[in-house]
Every structure is written in C-alpha cells, then in structure tokens.
Amino acid sequence: MKNILLVLQALEHVEATVQYDIYGPVKDENYRDECLLQIKSLPKNISVFMHKEIEPSEVKSALQQADVFILPSKSENFGHAMYEALSAGLPLITSNHTPWINLETSQAGMNVDVDDVSSISKAIQHFAGMAEEEFDPWRKNALAYACNAINKEQMQSDYEKMFFY
C-alpha cells in the first residue's frame with residue numbers, strides 16, 4: 001500500500017545523490033526481501049537505510065533530518081504521516097489517490113502517477129536538483145498547505161455534532 005518498492009525502483013533512475021530513509025515495522029517479510037534485492041541493485045549515488053518503527057515522540061526529530069517526504073500510496077483516507085511531514089515543512093511526493101492533491105500548484109510537493117516509475121524518478125530528481133534558495137519556498141509552502149488543510153472551527157463543529165446531538 002505504501003509503495004516502497006516502487007520508490008526503490010524509481011531511485012534506480014535518479015542521477016542525484018539521494019538518501020532514502022524507511023521507517024516502520026516489517027509487516028510482510030516477502031515484500032521486505034523484494035525491497036532488499038532492489039536496494040542491492042541501486043547505483044552508488046543512492047543510499048537506503050531501513051529503520052525499525054520509532055516512538056511517536058521521535059517522529060519530529062526523524063522528519064527534521066529529511067528534506068522531502070515520499071509516500072506514493074495507492075490509497076489513503078487522510079494520511080496522518082503525510083500531514084505530519086507537511087506540517088514539519090517537508091514537501092510531499094505522493095499519488096493522486098490521497099487527499100493531498102494539487103501539491104505542485106501550491107508548491108508544497110508533487111503528485112505522481114503510481115503506475116509510472118519515471119513520474120516518481122522525475123519528482124525525486126526535481127527536489128534533489130534544487131539549490132537551497134530554490135528549495136526554501138517549497139518548505140514554507142508545505143507548512144502553509146498543512147495549516148490550510150485543516151479547518152479547526154469546522155472540525156470542532158463536526159465533533160460537537162457527532163458527540164452531543
């Protein structure tokens with residue numbers, strides 16, 4: 001569902017130097033093994049680190065170590081991890097099968113086609129090739145996108161209707 005293997009396949013075609021950190025438990029050992037085989041075939045400019053699941057209190061620190069958050073999910077209802085990344089100022093690379101759409105228009109990230117490896121490669125290369133001054137607005141816009149995504153007044157009203165009526 002998270003499409004990690006697809007990201008690894010896309011990284012094979014990226015020319016920039018990239019570090020890809022993967023966090024979370026192994027839920028499917030066969031899928032993990034496929035990913036490990038793909039990692040072995042990656043060019044030297046690509047580094048991949050597989051981390052175990054981290055505590056919620058460690059998420060912010062992990063996100064602060066990254067430049068971009070990539071999760072070309074096949075489907076998400078909300079995508080809390082994506083919201084956390086955006087609210088940490090990380091541009092997001094994800095599919096159009098999530099609520100996080102029109103990212104490029106907002107300069108908050110890119111929506112990619114999960115059936116097209118080159119779409120993901122191009123998105124990764126796009127961000128990896130940016131100079132810092134070019135990248136800064138994308139960070140600010142990611143945070144703004146996250147802030148605008150949630151209407152707190154509407155959410156409170158919805159909760160009140162759900163619990164008190």
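Residues are numbered from 1 along each chain as its sequence is written, and side-chain values use heavy atoms, with hydrogens and water left out. Because the model is predicted, local features need pLDDT of at least 70 and side-chain atom pairs count only at pLDDT 80 or more, while totals for chains, interfaces and linings use all residues.

Two packed helices are described by the angle between their axes and the distance between the axes. Helices (H or I, at least four residues) and strands (E, at least two) are DSSP runs, numbered from the N terminus. Axes are lines fitted to C-alpha atoms, for helices over the stretch in contact, and angles run from 0 to 180 degrees between N-to-C directions. Angles under 35 degrees count as roughly parallel, over 145 as roughly antiparallel, 65 to 115 as roughly perpendicular and the rest as oblique.

Helix α1 (residues 4-11) takes part in a packing with helix α5 (residues 117-128), in which the axes come within 8 Å and cross at roughly 70°. The helices α1 and α5 are therefore roughly perpendicular to each other. The crossing of α1 past α5 is right-handed (a crossing is left-handed if the near helix is turned anticlockwise from the far one by less than a right angle, and right-handed if clockwise). In this packing, L6, Q9, A10 and L11 of α1 meet V117, I120, S121 and I124 of α5, where contact means heavy atoms within 4.5 Å.

On the α1 side, I4, L5, L8 and Q9 meet Y31, E34, C35, Q38 and I39 of α2. The residues of the contact of α1 with α2 comprise six nonpolar, two polar and one charged.

Y83, L86 and S87 of α4 meet A142, L143, Y145 and A146 of α6. The contact of α4 with α6 has six nonpolar residues, one polar residue and no charged residues.

The count of salt bridges comes to three, a salt bridge being a side-chain nitrogen of Lys or Arg within 4 Å of a carboxyl oxygen of Asp or Glu. E29, R32 and D33 are linked in a network of salt bridges. Between E29 and R32, the closest N and O atoms are 4.0 Å apart, and between D33 and R32 they are 3.1 Å apart. E29 and R32 both lie in helix α2 (residues 29-40), three residues apart, about one turn of the helix. Accessibility is classed as buried under 20% relative accessible area, exposed over 50% and partly exposed in between (1.4 Å probe, protein chains only). E29 is exposed, with a relative accessible area of 54%, whereas R32 is partly exposed at 26% and D33 is partly exposed at 35%.

A salt bridge also joins the side chains of D67 and R139 (3.4 Å, N to O). This pair links distant parts of the chain, with D67 in the loop between α3 (56-64) and β3 (69-71) and R139 in helix α6, 72 residues apart. R139 is partly exposed, with a relative accessible area of 22%.

G79 is placed in the loop between β3 and α4 and is buried, with a relative accessible area of 7%. G79 and P99 are 20 residues apart in sequence and 7.7 Å apart in space, C-alpha to C-alpha.

Most residues other than glycine have a negative phi. N102, in the loop between β4 (92-95) and β5 (109-112), has a positive phi near 60°. N102 is partly exposed at 49% relative accessibility. Q107 is also found in the loop between β4 and β5; its phi is positive, about 50°, although Q107 is not a glycine. At 34% relative accessibility, Q107 counts as partly exposed.

Note on methods:
Nonpolar A, V, L, I, M, F, W, Y, C, P; charged D, E, K, R; others polar.
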